[in-house]
Amino acid sequence: MKKESTKRKLNKLEKARKESLDCETALKDAVREMNTSSTITRDNSRREPLSTIQINRNSTTAFADLLKSVSTDSLPFGWTLIKTGGESIKIVHLQESKQDCTKNPMISKSITVNNNTSWSLKVLDRIFTNFDTPGCESLKKFKNIRTKDDLLGLVNVVHSSTICCGNPDIDVRHKQSREMSFEVEMQDGSCYNSTIRSDQCSLLTRKKDRCNECVKQRNYLRVIKSRQAKADTNQRTVVDSHVNYRYLSPEEKDEKIKNLHKELKATKQTWIMISNLHSMTKLSAGFATGIAW
């Protein structure tokens, strides 16, 4: 009886141990399942919103349609399509030299449209991505370039805009160096190889030769030139100037004659003073001799 009782107790203990192990296994499985569910949730949270994916797809589709529709034939005169496919479209405006037809055309303006429908503008050596600056107000309405009409509208606005000529016709010694990378053409047809632009030049203008900042600078440069010309004239017309008379203007000749007269008059007065002093010295010497006698 004792043996049966002991055996029965062992069976109960073994059964309880087995149930405990099963319970522990079930608990581990439950914890593992919860961790897996949490990981999946975190992974899902990292995914881009459906709206963002949809926008990217729309941009890509719009760019692909734009690639198919745009061509050089549809662009204004002087504009050329030089890059299509890949990540962007690039359209440039070629400007031929008016002074030397043997020179290669220069790229004066270029527009780059990216595959996300954003775009940028380059004028001469400056790249524009912000169009709040003066001269670029008409470009602010082109937020994104999605269609051929958007692109042609942008190109037409840029094409009709004039590149600020700066102040090429004022020859003045100024701390700001002259820009010589691009040929400058004014509305009256005159051309220059270099120019002086304000640091705040907007580069683009509408129906004018120069922007407002370069107009302000023009008045300042004229004042400097007047002062420099006056200083140069004074140096050319001084008495000891070695400039030949044939290189002097009529006004400069008159000025130098006046200066020579002034110098001659001053010299005569000096000699008179010296002569009077000499006479007074003799008179004093004679008077002293008479007293001694």
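Start by selecting arginine 218 and aspartate 169: their side chains meet in a salt bridge, 2.6 Å from N to O. The term means a side-chain nitrogen of Lys or Arg within 4 Å of a carboxyl oxygen of Asp or Glu. Arginine 218 sits in helix 4 (residues 212-237) and aspartate 169 in the loop between strand 6 (162-163) and strand 7 (184-185), so this pair ties together parts 49 residues apart in sequence. Helices (H or I, at least four residues) and strands (E, at least two) are DSSP runs, numbered from the N terminus.

A quick note on the model: it's predicted, so local features need pLDDT of at least 70 and side-chain atom pairs count only at pLDDT 80 or more, while totals for chains, interfaces and linings use all residues. Residues are numbered from 1 along each chain as its sequence is written, and side-chain values use heavy atoms, with hydrogens and water left out.

Now color by accessibility. Arginine 218 is buried at 12%, while aspartate 169 is partly exposed at 32%; buried means under 20% relative accessible area, exposed over 50%, partly exposed in between (1.4 Å probe, protein chains only).

Next, pick arginine 197 and glutamate 179, another salt bridge at 2.5 Å, N to O. Arginine 197 is in the loop between strand 8 (191-192) and strand 9 (204-205), and glutamate 179 is in the loop between strand 6 and strand 7, 18 residues apart. Arginine 197 is buried at 5%; glutamate 179 is partly exposed at 35%.

Last stop: lysine 216 and glutamate 213, with their closest N and O atoms 3.8 Å apart. They're 3 residues apart in helix 4, so about one helical turn separates them. Lysine 216 is exposed at 54%.
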